Each structure stands twice: as structure tokens, then as C-alpha cells.
Amino acid sequence: LSSRPGLTKAGTVRCFGHNSHGQTEAPPGIYSQVTSGHAHSCAVNVNGKVSCWGNIPNPPEYKSFAQLSSGGDHVCGVQSMGGTILCWGSNHHGESDPPPSGAAPFVQVSSGQSYSCGLRRDGKVECWGKDHEGQTRPPEGVQFRQISAGLDHHVCGITADEGHVRCWGRNSRGQAEDRDDGPYLQVSAGRRSACAIREDTLGLECWGGSSPIPVEDMTAR
């Protein structure tokens with residue numbers, strides 16, 4: 001990503017990195033979450049209102065959100081009331097369209113490069129947008145507790161039953177291989193790689209990438 005924002009202990013946003021479109025010029029305020037894309041960032045404050053800066057429009061002012069996720073050039077959010085998903089920004093591949101079924105409530109949304117995925121309250125995942133690598137086709141009959149859409153067209157999720165990792169989409173570097181040695185607490189899909197936190201040791205395990213990912217010094221942290 002071009003910029004990597006973060007929240008301070010006081011809830012303000014601090015950004016650094018490239019600033020070609022003002023994506024590191026965070027507005028003042030107290031926020032509960034922040035997310036960044038190629039040339040933009042968005043944050044949701046303690047009242048659910050969203051502020052965006054950089055190369056991305058703001059959502060309607062009257063909307064309130066519980067959670068946000070930026071893709072490359074679009075953002076999706078789970079609305080506080082009703083759990084529906086609203087997306088804005090680029091929509092060349094339908095990545096900013098509503099979920100196909102519209103079956104709210106959703107508890108999480110994760111946006112990738114030109115596609116989006118939403119996790120419903122019943123554990124089912126819906127994805128929409130660009131699908132040239134199968135990234136919008138989650139496995140059937142599997143329920144999840146958390147998902148993460150990567151920027152190179154693969155998605156990983158923690159299964160609701162045993163806490164294993166199931167992935168789908170592009171697998172050019174082994175980034176979409178399943179992990180049946182759970183349980184895991186959280187997974188994050190990146191570019192040609194993915195990492196997950198184990199439940200038993202709280203250690204980090206990673207896979208994929210163009211070369212082995214050195215996580216030996218993090219397994220006991």
C-alpha cells in the first residue's frame with residue numbers, strides 16, 4: 001500500500017509514506033478504526049461517522065458504520081444499523097456493488113483488489129467483483145468467523161467450527177493453501193502471502209511469498 005495509517009492511544013490518526021493524493025493528511029478527530037488503499041485512507045470515529053482523505057470520495061454523511069475495509073481503489077463498510085454493506089469508489093468490476101444476495105446482517109467486510117467479500121452473521125461468505133482467479137467463489141458449505149481479502153486476488157478465512165484456515169483464489173506462491181493445523185485466532189491475506197495467529201501459542205505463522213517468510217523470531221511472541 002502507498003500509505004500505512006495507524007491509531008494512537010488517544011484515538012487520533014497518524015499517517016506516513018507516499019502522499020501523492022493527500023493520503024497521509026489525516027483529519028483531526030477521535031477514531032476507532034482506520035483503513036488504507038493505494039492512494040487513500042478512511043477512518044470511522046467513535047460515533048460511526050466516516051472520514052476519508054486522498055483519492056476517494058466520502059460516503060453519504062448520514063450513514064453510520066461499525067467496520068471499514070479498503071481495497072485498492074474502493075472502500076466497503078458494514079453499516080451500524082441493520083448490518084448491510086455499503087461500498088464506494090472504483091466500480092470497474094462491480095466491486096462497489098451491494099452483495100449479490102443482499103442478505104444482511106453482515107458482521108465483517110474485507111476488500112481486495114477490485115473485489116469484495118462479506119461475512120454474514122450465519123458464518124457464510126459472499127464475494128463480488130473481479131473473479132478471474134476464483135477470488136469471489138468461497139468454498140460451499142463452510143462457515144467462517146473471520147475473513148481477509150488479499151491484494152493479489154486470494155482470500156483466507158478462519159473456519160467457525162475448528163478454527164482452521166481455508167483459502168481460495170490465486171495460488172501462484174502457495175498463498176491460498178489451506179491450514180488444517182488450527183485453531184487460529186486471526187488471518188490476514190497480503191500480496192502473494194498470508195499470515196495467521198495461532199490460538200494455542202499466540203505465535204505467528206506465514207506462508208506463500210516469493211521466498212520463505214522469516215517468522216521464527218515471532219512464533220513465541
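The structure holds five disulfides. It is a predicted model. Counting bonded cysteines along the chain, the disulfides follow the pattern 1-2, 3-4, 5-6, 7-8, 9-10. Cys15 takes part in no disulfide. The nearest cysteine sulfur to Cys15 belongs to Cys42 and lies 11 Å away. Cys15 has a relative accessible area of 18%, so this residue counts as buried, the limit being under 20%.

A disulfide is a covalent bond between the sulfur atoms of two cysteines.

Cys117 and Cys127 form one such link, with their sulfur atoms 2.1 Å apart. This pair joins distant parts of the chain, 10 residues apart. Cys117 sits in strand β10, which covers residues 115-120. Cys127 sits in strand β11, which covers residues 125-129. The link is right-handed, with 105 degrees about the S-S bond. Both ends are covered. Cys117 is buried because its relative accessibility is 0%. Cys127 is also buried, at a relative accessible area of 9%.

Cys156 is joined to Cys167 by a disulfide, with an S to S distance of 2.1 Å. Here too the pair links distant parts of the chain, 11 residues apart. Cys156 belongs to strand β13 (residues 154-159). Cys167 belongs to strand β14 (residues 165-169). The torsion about the S-S bond is about 105 degrees, so the disulfide of Cys156 and Cys167 is right-handed. Cys156 has a relative accessible area of 0% and is therefore buried. Cys167 is buried as well, with a value of 9%.

The link between Cys195 and Cys206 has an S to S distance of 2.0 Å. Cys195 lies in strand β16 and Cys206 in strand β17, 11 residues apart, and the pair links distant parts of the chain. This disulfide is right-handed, with 105 degrees about the S-S bond. Its two ends fall into separate accessibility classes. Cys195 counts as partly exposed because its relative accessibility is 23%. Cys206, with a relative accessible area of 16%, is buried. The cut-off for buried is under 20%.

The strands that carry Cys195 and Cys206 also pair with each other. Strand β16 spans residues 193-198 and pairs with β17 in the antiparallel sense, over five bridges. Ile197 has Leu204 of β17 as its bridge partner. The two strands form a hairpin, with five residues between them. Leu202 lies in the turn and has a positive phi of about 60 degrees. Strand β17 spans residues 204-208 and is mostly covered. Four of its five residues are buried.

Elsewhere in the chain, the surroundings of Ser70 were examined. Ser70 is found in strand β6, which spans residues 65-70. Its relative accessibility is 10%, so Ser70 counts as buried. The side chains of Ser70 and His40 are joined by a polar contact of 3.1 Å. Which residues does Ser70 contact, leaving aside its neighbours within four places in sequence? They are Thr35, Ser36, Gly37, His40, Val75 and Ser111.

How values were computed
Residues numbered from 1 in each chain as written. Predicted model: local features only at pLDDT ≥ 70, side-chain atom pairs only at ≥ 80, totals over all residues. Heavy atoms only, no water. Buried < 20%, exposed > 50% of the residue type's maximum accessible area, 1.4 Å probe, protein only. Pairing = 2+ DSSP bridges. Polar contact = N/O pair within 3.5 Å; in protein donor to acceptor, adjacent residues only side chain to side chain. Contact = heavy atoms within 4.5 Å. Disulfide = S-S within 2.5 Å.
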